[in-house]
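Good morning, and thank you for coming. Please look at the structure on the screen while I take you through some of its parts.

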Amino acid sequence: MDLLNTLVDKGLRRELPTRAEALAVLATSDDDLLDVVAAAGKVRRHWFGRRVKLNYLVNLKSGLCPEDCSYCSQRLGSKADILKYTWLKPDDASKAAAAGVAGGAKRVCLVASGRGPTDRDVDRVAGTIKAIKDQNEGVEVCACLGLLSDGQADRLRDAGADAYNHNLNTSESTYGDITTTHTYADRVDTVQKAHAAGLSACSGLIAGMGETDEDLVDVVFSLRDLDPDSVPVNFLIPMEGTPLAQEWHLTPQRCLRILAMVRFVCPDVEVRIAGGREVHLRTMQPLALNLANSIFLGDYLTSEGQAGHADLEMIADAGFEVEGAGEVTLPEHRATVAAGGCGSQESAGCGSHEGAGCGGHEGAEVCGSGSASTATPAPQVDEVRRDLVSVRRRGAGTDLAPNA
């Protein structure tokens, strides 16, 4: 297929596909799906080999959020029967993190519900970062605390944070349909603050909220402009008690096409399969490792994931290997810059830096308005698989051992 040959060539050169090419990936047929995966897999292996980076989520503060993000079980007005608790103590958070590190995770993602941290919250998280790093040598720490105020990103960097996550989630043109208590521009501003402070920026999307193909392409092109080092791809977990509980638009095949499109648009970036892979990819999860080079180990913020040992078996059985603590995730041209900041910030890189919740958000969490007038609607899936959605009852905030 000429399209796929073109996209592979562009991916190996870190050249941006056209919007038409990205849309064409999403429009490919199921008959062509394995060809799409194979093509995107060439780009993935060129930049990341067969390594899979493991990340581990620690929900520092669960529920009772004042924001109204429709996809989130922790939102204002949520009726979801999730765990609710205030800030974990640093030692408790460190113990939870240690379980993930012992399971093979090289990055721990510290997430807290809420609009954004107060200065006191930043101090609290700084203490948690220190406890985790003191007890887990070499671990990376990513913070995901919501919208940042001036100076807070710098304080997190000084406290030892390596990265900051804040997802764009969906296109600029449809953002107001999903959330009304803050804006798309607010999210872009926080990613820019992380960049400016020298934190490795992590920002991604949520698929499956009823968006069009054009919306998906818009948000991924916007992410490329922001130039994050990692792009988590969440697949909506339709949690009972949230406004999007009835949104079941995804099939394993569509998830694979979305991941392939993201890889082609951001070839040299850490693409992470985040929330919802177990719900929507199901038995196709191993195939997705040919597209993404990073996953979350174990459970998510308020929902349960696949058993940690099953994640490790899946990686090995698919012919991949867990990325070691001493290995550098990013390609050399990005890692060199990331050592003193983040992102390639090169015109040929995944984002020219012109435009310049965690990746495992329960969504699973400036060209966005360029949708075509003939937007392709999201496919409708009749089957509802609520048996695949389980509320987390173990790990952080409980007395039970975490899943890692």
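Let me begin with a term: contact means heavy atoms within 4.5 Å. Helices (H or I, at least four residues) and strands (E, at least two) are DSSP runs, numbered from the N terminus. What we see is a predicted model, in which local features need pLDDT of at least 70 and side-chain atom pairs count only at pLDDT 80 or more, while totals for chains, interfaces and linings use all residues. Residues are numbered from 1 along each chain as its sequence is written, and side-chain values use heavy atoms, with hydrogens and water left out.

Consider helix α8, residues 184-196. Its buried residues (under 20% relative accessible area, with exposed over 50% and partly exposed in between; 1.4 Å probe, protein chains only) include Tyr-184, Val-188 and His-195. Which elements cover them? Among them are α6, β4, α7, β5 and α9. Just after α8, Gly-198 has a positive phi of about 85°.

Asn-169 sits in the loop between β4 and α7, and Arg-282 in the loop between α11 and α12. Are they buried or exposed? Asn-169 is buried, at 1% relative accessibility, whereas Arg-282 is partly exposed, at 26%.

Leaving aside neighbours within four places in sequence, Leu-205 contacts Asn-169, and its other partners include Leu-216, Val-233 and Val-262.

Definitions and conventions: Expected span 1.5 Å × (residues − 1).
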